[in-house]
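I am opening my notebook to look through a structure, one topic at a time. Please keep the picture beside you while you read.

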Amino acid sequence: MEISFTVLGNLPRKSNSRRIFRNRRTGQMILVKSAPALDYQESFISQTAQIPKGKFQEKQPLSITLNIYYQSRRSDLSDELFCDMLQMAQIIYNDRQITEKHLYHHIDRNNPRVEATISSL
């Protein structure tokens with residue numbers, strides 16, 4: 001089984017997409033997604049809404065191929081946030097299912113996007 005789709009937008013890095021805040025009630029430090037990460041999350045969910053949920057079984061090992069088109073060369077190749085979004089959008093059950101990854105870094109200043117192919121192993 002295999003699915004392919006494209007998500008438009010510049011993929012932010014997960015490690016650079018957190019802000020630290022102090023909880024006013026408890027005083028504890030908490031991590032919150034940055035504005036670009038939250039925007040990407042919202043865009044990802046709306047762009048992938050038509051993809052059928054539950055296509056892959058819960059513990060089925062998966063292979064993923066990502067062609068990531070960034071706006072500039074400054075971005076490091078990172079798929080972490082994208083894989084988290086796959087789980088959040090219920091395209092896959094858990095991102096730990098991904099046991100094989102093929103990642104490719106490209107530049108497209110006018111049309112940043114991620115072209116994804118997910119297949120069962």
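My entries below go from the overall layout to single residues.

**Ground rules**

I am working with a predicted model, in which local features need pLDDT of at least 70, side-chain atom pairs count only at pLDDT 80 or more, and totals for chains, interfaces and linings use all residues. I number residues from 1 along each chain as its sequence is written, and side-chain values use heavy atoms, with hydrogens and water left out.

**Layout**

I looked up the elements and found two helices and six strands. Helices (H or I, at least four residues) and strands (E, at least two) are DSSP runs, numbered from the N terminus. Starting from that end, I read the order β-β-β-α-β-α-β-β.

Next I checked burial: 35% of the 121 residues count as buried. Buried means under 20% relative accessible area, exposed over 50%, and partly exposed in between, with a 1.4 Å probe and protein chains only. The chain exposes about 7500 Å², and carbon and sulfur atoms supply 46% of that area. Such areas come from the Shrake-Rupley method with a 1.4 Å probe; for residues, only the protein chains shown count as cover.

I also looked at contacts, meaning heavy atoms within 4.5 Å. Among those between residues at least 6 apart in sequence, 79% join residues at least 24 apart.

**Aromatic rings**

How many aromatic pairs does the structure hold? I found three. Rings of Phe, Tyr and Trp (its six-membered ring) pair if their centres lie within 6.5 Å; planes under 30 degrees apart count as stacked, over 60 as edge-to-face and the rest as tilted.

The ring centres of F5 and F82 are 6.3 Å apart and their planes meet at 15°, so I noted this pair as stacked. It links distant parts of the chain, with F5 in strand β1 (residues 2-8) and F82 in helix α2 (residues 80-88), 77 residues apart. F5 is buried at a relative accessible area of 9%, and F82 is buried at 0%.

Y40 and F44 make a tilted pair, 6.3 Å centre to centre with 45° between the planes. These two residues sit four apart in helix α1 (residues 35-47), so about one helical turn separates them.

**The core**

Which residues touch the most other members of the largest nonpolar core? Of its 26 residues, they are F5, F44, F82, L86, I91 and I118. A nonpolar core is a set of buried Ala, Val, Leu, Ile, Met, Phe, Trp, Tyr and Cys residues joined through side-chain atoms within 4.5 Å. At least two residues of this core come from each of β1, α1, β4 (62-70), α2 and β6 (113-120).

I followed I118 and, leaving aside neighbours within four places in sequence, found contacts including F5, L86 and I91.

**Two loop residues**

T48 is in the loop between α1 and β4 and counts as buried at 1% relative accessibility. Its side chain reaches the backbone oxygen of F44 at 2.8 Å. A polar contact is a pair of N or O atoms within 3.5 Å; within protein, one must be able to donate a hydrogen and the other to accept it, and residues adjacent in sequence count only if both atoms are side-chain atoms.

N94 lies in the loop between α2 and β5 (98-107) and is buried, at 14% relative accessible area. A polar atom of the N94 side chain lies 2.9 Å from the backbone nitrogen of R96.
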